[in-house]
Amino acid sequence: MNKNSVYIAKSLDGYIADKNGGIDWLNAIPNPENEDMGYADFMNRIDAIVMGRGTFDVVMSFDMEWPYQKPVFVLSNSLKKVPEKLIGKLEILSGSLTEVIGTIHNKGHKKLYIDGGKTVQNFLKENLIDELILTTIPILLGGGIPLFGELPQPIELLHVESKVFLNAIVQDSYRIKLTC
């Protein structure tokens with residue numbers, strides 16, 4: 001079964017990065033036990049990651065080894081070559097989202113993690129998201145990169161569950177309500 005899922009953190013006012021593109025605020029709540037808030041379980045449910053160029057650039061800016069064990073597909077019209085240290089770990093794709101998904105599915109990856117603000121927004125516009133797992137950090141940024149953008153029509157959601165982590169962070173899971 002094909003499934004496109006979003007697993008992303010946002011501020012209480014709906015931003016995924018601050019006005020300078022920073023994400024340090026994601027660590028505003030102390031996490032001494034390094035609670036992963038369901039991330040490992042989520043990653044065990046997916047086959048591959050689809051991210052936009054902006055998210056790829058952010059990940060590349062981290063001072064760490066490549067963090068993904070699953071295949072990664074980066075959506076970009078301008079990036080043409082995979083960095084040498086990542087050959088075999090990611091692929092660059094361009095084209096319409098339905099073409100991109102078709103290419104990924106043809107490679108045997110059916111359960112996809114859709115990551116990145118513009119990528120999530122574009123998948124939502126094309127009605128290509130099945131599940132949203134939104135982790136809300138209790139901070140108001142007052143501006144920045146929004147998670148959601150303008151949509152051609154409203155998207156109805158079915159609430160699946162809510163979890164609270166560290167007595168402060170709320171994670172809500174939704175399925176997209178199918179319309180006939």
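Tutor: Two strands pair if DSSP finds at least two bridges between them; strands (E, at least two residues) and helices (H or I, at least four residues) are DSSP runs, numbered from the N terminus. In this structure, β4 and β5 pair in the parallel sense over four bridges, and the bridge partner of F73 in β5 is E91. The model is a predicted one, in which local features need pLDDT of at least 70 and side-chain atom pairs count only at pLDDT 80 or more, while totals for chains, interfaces and linings use all residues. Residues are numbered from 1 along each chain as its sequence is written, and side-chain values use heavy atoms, with hydrogens and water left out.

Student: In what order do the eight strands of the open sheet stand?

Tutor: The order is β5-β4-β3-β6-β1-β7-β10-β9, and the pairing is mixed. Because β5 and β9 (157–165) each have a single partner strand, they stand at the edges, and one side of each is left without a neighbour in the sheet.

Student: In which sense does β7 pair with β1, and in which with β10?

Tutor: Strand β1 (residues 3–11) pairs with β7 in the parallel sense over seven bridges, and S11 has I137 of β7 as its bridge partner. β7 and β10 pair in the antiparallel sense over six bridges; there, E131 stands opposite R175 in β10.

Student: How many residues of β7 are buried?

Tutor: Buried means under 20% relative accessible area, exposed over 50%, and partly exposed in between (1.4 Å probe, protein chains only). Seven of the seven residues of β7 are buried, so this strand is largely enclosed by the rest of the structure.

Student: Which way do the side chains point in a regular strand?

Tutor: In a regular strand they alternate between the two faces of the sheet. In β7, E131, I133, T135 and I137 point one way, whereas L132, L134 and T136 point the other way.

Student: Is Q171 buried or exposed?

Tutor: Q171, found in strand β10 (residues 169–176), is buried, with a relative accessible area of 4%.

Student: What does the side chain of Q171 make a polar contact with?

Tutor: A polar contact is a pair of N or O atoms within 3.5 Å; within protein, one must be able to donate a hydrogen and the other to accept it, and residues adjacent in sequence count only if both atoms are side-chain atoms. The side chain of Q171 makes such a contact with the side chain of Y7 (3.3 Å). A polar atom of the Q171 side chain also lies 3.0 Å from the backbone oxygen of M37.
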